[in-house]
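Biologist: Could you walk me through this one? I'd like to ask questions as we go.

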Amino acid sequence: LSTPQNDWVDDKMKVTLKAKGEEGSHVTWRNLIHPEDQHLIIGSFEKHCENGEFPIEVVRYNLQNGSTLYFKYNGKVIRDDVGQPVGILGAHVDITKFIEREKQLSIAENQFRGAFEHSALGMALVSTDGKWLKVNKKLCNIVGYSEKELLAKTFQEITHPDDLDADLNQVQSLLDDKITGYEMEKRYFHKDGHIVWVLLNVSLVRDADRNPVHFVSQILDITQRKQTEVPKSVFGSMT
């Protein structure tokens, strides 16, 4: 059981792994395991033979061209008449695409997290009912709340009442799939009570079935600009 001479790989597996036969149709299975995993996987298979419940989930194989394939293993220990293990009949399912997709998603998630946390804009993920789900430091600075305090609130609670209806109408249009995003100027109440003017940009994330998941909000503090704007009445008096 523990010797390479007992290994066997069927023709389909050989084609998948692009493995050339050694001694005709024979291929030494363990020589196909990724070099970095050899000791771990062989040890795991030996434990699996002793106890069929011992898990072996993923096996990484190294192809002759240097690329790597990942397989989900499902096997059955073959025993002799007295119950001693004499081999394993193992089936492998190629999950390489799934693993690579997971890696790409992980990289994208890390990149998004970095951009989110260190953005010069206030950024937030907001639930479809308005609850803050995730906020960055810049947004906390803009509205004066700590992350913990803000996550206990909804955007409706800190929005100026005169701006709330316009904001909610845009939100509903997003949920109804009538628009892909919106931008508006609005007012928030700072924690200490003063008004903060912001330029708000909102988009909606949907799942594969087009169901709404959450909003992505970008918030730019424009309070200083609004304070220096000349009122329209002044322009009217000059004409």
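Modeller: Let's start with a term: a salt bridge is a side-chain nitrogen of Lys or Arg within 4 Å of a carboxyl oxygen of Asp or Glu. Keep in mind that this is a predicted model, where local features need pLDDT of at least 70, side-chain atom pairs count only at pLDDT 80 or more, and totals for chains, interfaces and linings use all residues. Residues are numbered from 1 along each chain as its sequence is written, and side-chain values use heavy atoms, with hydrogens and water left out.

Biologist: Which residue does R225 meet in a salt bridge, and which strand is that partner in?

Modeller: The N to O distance for R225 and E185 is 2.4 Å. Helices (H or I, at least four residues) and strands (E, at least two) are DSSP runs, numbered from the N terminus. R225 sits in helix α8 (residues 223-228), 40 residues away from its partner in the chain. That partner is E185, in strand β6 (residues 181-189).

Biologist: With which other residue does E185 form a salt bridge?

Modeller: Here the closest N and O atoms are 3.0 Å apart. E185 lies in β6 and the partner in α8, so the pair ties together parts that are 41 residues apart in sequence. The partner is K226.

Biologist: Is E185 buried, exposed or partly exposed?

Modeller: Buried means under 20% relative accessible area, exposed means over 50%, and partly exposed is in between (1.4 Å probe, protein chains only). The relative accessible area of E185 is 32%. So E185 counts as partly exposed.

Biologist: How many salt bridges does a search of the whole structure find?

Modeller: One of them pairs E117 with K134, with the closest N and O atoms 3.3 Å apart. E117 is in helix α3 (residues 96-118) and K134 is in strand β5 (residues 132-135), so this pair ties together parts that are 17 residues apart in sequence. For the whole structure, the search finds eight.

Biologist: Is H190 buried or exposed?

Modeller: H190 lies in the loop between β6 and β7 (195-206). It touches N141, I142, V143, G144, Y145 and V196 (contact means heavy atoms within 4.5 Å), not counting residues up to four places away in sequence. Its relative accessible area is 16%, so H190 is buried.

Biologist: Which element gives the most to the lining of the largest cavity?

Modeller: Elements giving two or more residues to its lining are α7 (161-175), β6, β7 and β8 (212-221). With three residues, the one that gives the most is β6.
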